[in-house]
Amino acid sequence: MAKNTIELKIKRQDGPNAAARWEEFSIPYKPKMNVISALMEVRRHPYTVQGRKTTPPVWDANCLEEVCGACSMIINGKVRQACSALVDQLELPIVLEPMTKFPLVRDLVVDRQRMFDALKRMHAWIPIDGTYNLGPGPRVDPNTSAMAYSLARCMTCGCCLEVCPQITPTSTFIGAAAISQVRLFNMHPTGKMHARERLEALMGEGGLQDCGNAQNCVHACPKEIPLTESIAAMGRETTAYVLKRLFGG
Amino acid sequence: MRVFPSVHYTMGGLWIDYEADASGNIVAGSPRNHQTNIPGLFAAGEVDYEYHGANRLGANSLLSCFYGGMLAGPAMVNYAKGLERSCDAVPASVFEAERKRQEEAFRRICALQGTENPFVLHKELGEVMTDNVAVVRYNDKLQAADNAILAFMDRWKRIDIHDAATWANQAVSFTRQLWNMLELARVITLGALRRDESRGSHYKPDFPERNDGEWLKTTLATWTPSGPEFRYAPVDISLLRPEARKY
Amino acid sequence: MATPAVWQFYLRRLHSLAGVFPIGVFLLEHFFGNAFATRGPEAYNRYVEFLLGMPYLPAMEIGLVFGPLLFHGIYGLFITAGGDAFHPAQGLGTRYHNVAYVLQRITGIILLLYISYHVWNTRVQAVFFGQHVDYAYMARYFAPAYEKAIYIVGILCACYHFAHGLFNVAYKWGLTVSAKAQQSMTYASLVVFAAMSAVGIHILFSFK
């Protein structure tokens, strides 16, 4: 069946304290559209299906190739990236809502700051930057590097937090993404030098212990990162760390 | 899957300085490195014009990212250390005046109540640039593109902003940036129009050869109220002589 | 060195550990011992006498059973309050471990009520009110259908909470890291749940 128009239903909210409302839009169909190009079409003609003039919907996007995580939103009830959500594969009308576990900024934009704060607290980097040549880094075997690559695909998009029952407006849980990053940096030969620091942070407030084992994260991850394996691996690493601290060795 | 050569990178960017020693090598740590012509404003990475010339080879954006960062970091530190007074010593009126200027610019855009849609203008600008100012360039088409950009600039003033919110207003910031895009589009178009040769990603079928005699130089554009003003600076080839690039 | 935040880590691990030892071990012993009911009144009464004649009984009951149970139950309530069991799982559909997350919390709350009820009617009555608890008493006690219903629910909740708790412990402590190991542990926990439920309900119906 040939489509001539695409219907979109967008949850609008002017600000964190404003009331939410739904607005419907109809845009001309073009082959191979994604949700971003549909939203771009809406803002080029910001009138609802009722013909009422409205403000252009506000949304975030950046890379348009599912590597930055900025355009995460709930599309037809599923949290995912708008850039990789192809209109031809979606049921109509396309229903767009902002993620619910983060403070709302406006319309489809939320503030994922808690994720970046968590990465900072977890020391999720390897401090090798210098203004002089440090020489070649240590060699990494192919298996470790393949695993590291799969963990490094994390784009802090927020899908794993969105589906996690342990993430609430009042909880301080860092979520699967940051836990998995601790694993990534602790498995790197140079990153290992700060493993202790990261484990201490991971055992701090809102850390690994707050995981509730619902395992939704791994199924929501658009980059197919083995998040539940990371959580269990960090469980093992903290177990070993605690035993070492208790008994030495 | 459809394949199309999309614009991925802009060769060119903010002008930045560097300090070379007598042998032509860069002086690491000099506060001149990566400093723009606005004192204290540094640029590093894709935003600056350095390193790539007329064509950025694949993966070489990492080079400008890492190398530029390694130069710019210490340069900024040394610049800050060498300052006689910090921002605390600048009278509050300076900041206040700038704040007023920016608020005024925001208000002016919020007040735009014409008939044009900024996002439509942006799309049309993209189409004009892709059609006329991509890799293959003809002077008549470049001239037509510049005329089109001037027409867009006129239409920009008749934008209907649709959104006057003072919170997370993307329409206003987009419209502001759109004006800068128009200014920059003219720089790219007119710069290309003047350069009658082919070099890197700039290919004119009417001038298919690289012309080092006339055009081995960097195009410098300066903003003026009446449009970009062009100057040319020699390319530093003291360490490496350019050769013909053949694939 | 150990800030209050780090104590949360240790408390959570202690909570997890307590579920297996001593609570889980006690549960297994409890099932094993009560299974003497399947061998008739005499066998059951001998077992009860053996239990009552154990040295250090009050200390063991408080230190290894009631203390850990209270800690596990009350801290479990805090854990439940810290999450949102009925959150929307944004398009993931019904998934076992998400359901298990909810079940673990619901069975936990039911068990707090059920175990209080169970302890009141069997242990408290004996210790504080002089009720002689033996096969005959238990058979009389279990006779009404509603009582059987309560115990069936209680046994199923206890078996599920324990069995899925084994999965949780293996996951939390890092015993099962690979997805495959976690999957196997999930099946193993379901087998434990089925087997223990069958034994528990069989014991319940052995009091005639």
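1. Helix α3 of chain B covers residues 118-132, which makes 15 residues. In this predicted model, the distance from the first C-alpha of α3(B) to its last is 21 Å, close to the 21 Å expected at 1.5 Å a residue.

2. The buried residues of α3(B) are B:Pro118, B:Phe119, B:Leu121, B:His122, B:Leu125, B:Val128 and B:Asn132. An α-helix has 3.6 residues a turn, so residues three or four places apart point the same way. The list of buried positions, including B:Leu121, B:Leu125, B:Val128 and B:Asn132, can be read with that in mind.

3. The cover over these buried residues includes elements from two chains: α1 (35-44) of chain A, and α4 (139-156) and α5 (170-194) of chain B.

4. Chain B is split into domain 1 (1-90) and domain 2 (91-208). Taken over C-alpha atoms, the centres of the two domains of chain B are 24 Å apart. Domain 1 of chain B puts 5 residues into the contact, and domain 2 of chain B puts in 6 residues. On the domain 1 side, the residues that touch domain 2 of chain B are 3 nonpolar and 2 polar, with no charged residues.

5. The contact between chains A and C involves 32 residues of chain A and 29 residues of chain C. On the chain A side, β4 (78-81), α7 (216-220) and α8 (227-247) each supply at least two residues. By class, the side of chain A that touches chain C consists of 10 nonpolar, 15 polar and 7 charged residues.

Methods. Residues are numbered from 1 along each chain as its sequence is written. Chains are lettered from A and ligands numbered from 1 in the order in which they are written. This is a predicted model: local features need pLDDT of at least 70, side-chain atom pairs count only at pLDDT 80 or more; totals for chains, interfaces and linings use all residues. Domain bounds come from an automatic or database domain assignment. Two residues are in contact if their C-beta atoms, placed from the backbone, lie within 7 Å. Ala, Val, Leu, Ile, Met, Phe, Trp, Tyr, Cys and Pro count as nonpolar, Asp, Glu, Lys and Arg as charged, and the others, Gly among them, as polar. Helices (H or I, at least four residues) and strands (E, at least two) are DSSP runs, numbered from the N terminus. The expected span of a helix is 1.5 Å times one less than its number of residues. A residue is buried if 20 or more other C-beta atoms lie within 10 Å of its own, exposed if 12 or fewer, and partly exposed in between; C-beta atoms are placed from the backbone.
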